[in-house]
Amino acid sequence: MAQRKPGKVVFQGIESGMKVFRWMVLVLVVLFAVSGLAKVQPTHVGILTRFGKLVPVGPGNYIHEPGFVLACPFPIDQLIQIPKGLEQQIEVTNVWAALDDKEFNDDIDPTIEGYCLTAENDVIQVKVVVKYYISDPVEHEFNMIDQKGFLDSMTVAALTESIASWKFDEVQHMNREVTVTVPQVVNGQEKMVTETRKETLDEIVVKNLQDRLDRVGNPETGRSAIRISNVDFVDVHHLRHVKAEFEAKQTAEIAVQVAKDEALKQADRLRTNAQIDATQRIKNANIYRRQVLANTIRDAREFLPRLQEFSDAPEYVWQREYMNTMEEVWTNLGELKFVPANSRVVLQDEQEGEQK
């Protein structure tokens, strides 16, 4: 029986070990490659980086839509998922503190406790909720640092600037009426006309905040990666240090307004009554005028014939009228009583004598 040489046996053992090793390496490579398989969630989009650099999906496109993404394992590749069109929100309380908050001192220190000034120099505090969504995931991920702090500071700037031109009552009601000048075509010619519009405070703050974000956004597009959808005002109040004084002022202003409204109502009532009385007096005067005019016309119609008759025979008319008058006097005279000469008499009304 032939025996194997020792060298050949060793060589065959090494060769068998290398085969096993190669298979193990192949399996490890496959496992390593498969372990980089990731999934982008349905509500997100993905950005793939390789050694910190963006991996394009296509020409000029770096956004992976929801689904599986084949990538090398970390730390070679990294899949960053960003909410797609999902509205997010943050609460901004940098210029707000609760009325019962005992954390701050009794003095107003703007470096510690923030606030806003109104157009009437009222000191107020506001708490808002900023709602937004990410429109440019690449810009947001690679060029924006500390998103919350950035939005906080931008929101505070937009709030203080916008509220500075509003009165406190307007801030409380969240709207006001403004007069604006706009171009309008009249008879084929463009003219500037004034009109009254209503604007809301939340819309003003949204526009102000978005303009600020866009100014510091992507210089090529002139837009920010964050789009503001709304700013909700949660609370508006005066500082606790001066709240009582402002409430007293507001109460006094309300009392003045109530008294003014009541005075205007009373003036309207008096004006209405005066107009009614004047109308009635004018009506009565017109009636009296018509009556006097009618009587005058009637008397004139009776007098004119007599005047003509007198003009034709004055002596005859005079004698006739004299006789008619004396006849009427004697007819209505009643009983005649003669008073002796050098006597005095007192005449009194019969009704007055009966009463005595």
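Predicted model: local features only at pLDDT ≥ 70, side-chain atom pairs only at ≥ 80, totals over all residues.
Local features need pLDDT of at least 70 and side-chain atom pairs count only at pLDDT 80 or more, while totals for chains, interfaces and linings use all residues. Residues are numbered from 1 along each chain as its sequence is written, and side-chain values use heavy atoms, with hydrogens and water left out.

Strands S9 (residues 175-186) and S10 run antiparallel and are joined by 12 bridges. Strands and helices are DSSP runs (E, at least two residues, for strands; H or I, at least four, for helices), numbered from the N terminus. Two strands pair if DSSP finds at least two bridges between them. Val178 has Arg197 of S10 as its bridge partner. Two residues lie between the strands of this hairpin, and Asn187 takes a positive phi near 55 degrees. Strand S10 (residues 189-200) has 12 residues, of which one is buried, so S10 lies largely in the open. Buried means under 20% relative accessible area, exposed over 50%, and partly exposed in between (1.4 Å probe, protein chains only).

The structure holds 16 salt bridges. In each, a side-chain nitrogen of Lys or Arg is within 4 Å of a carboxyl oxygen of Asp or Glu. Glu170, Arg176 and Glu199 are linked in a salt-bridge network. Asp268 pairs with Arg271, with the closest N and O atoms 2.6 Å apart. These two residues are about one helical turn apart, because they lie three residues apart in helix H6 (residues 243-312). Asp268 is partly exposed at 40%, and Arg271 is partly exposed at 44%. Arg269 forms a salt bridge with Glu262, at 3.5 Å between the closest N and O atoms.
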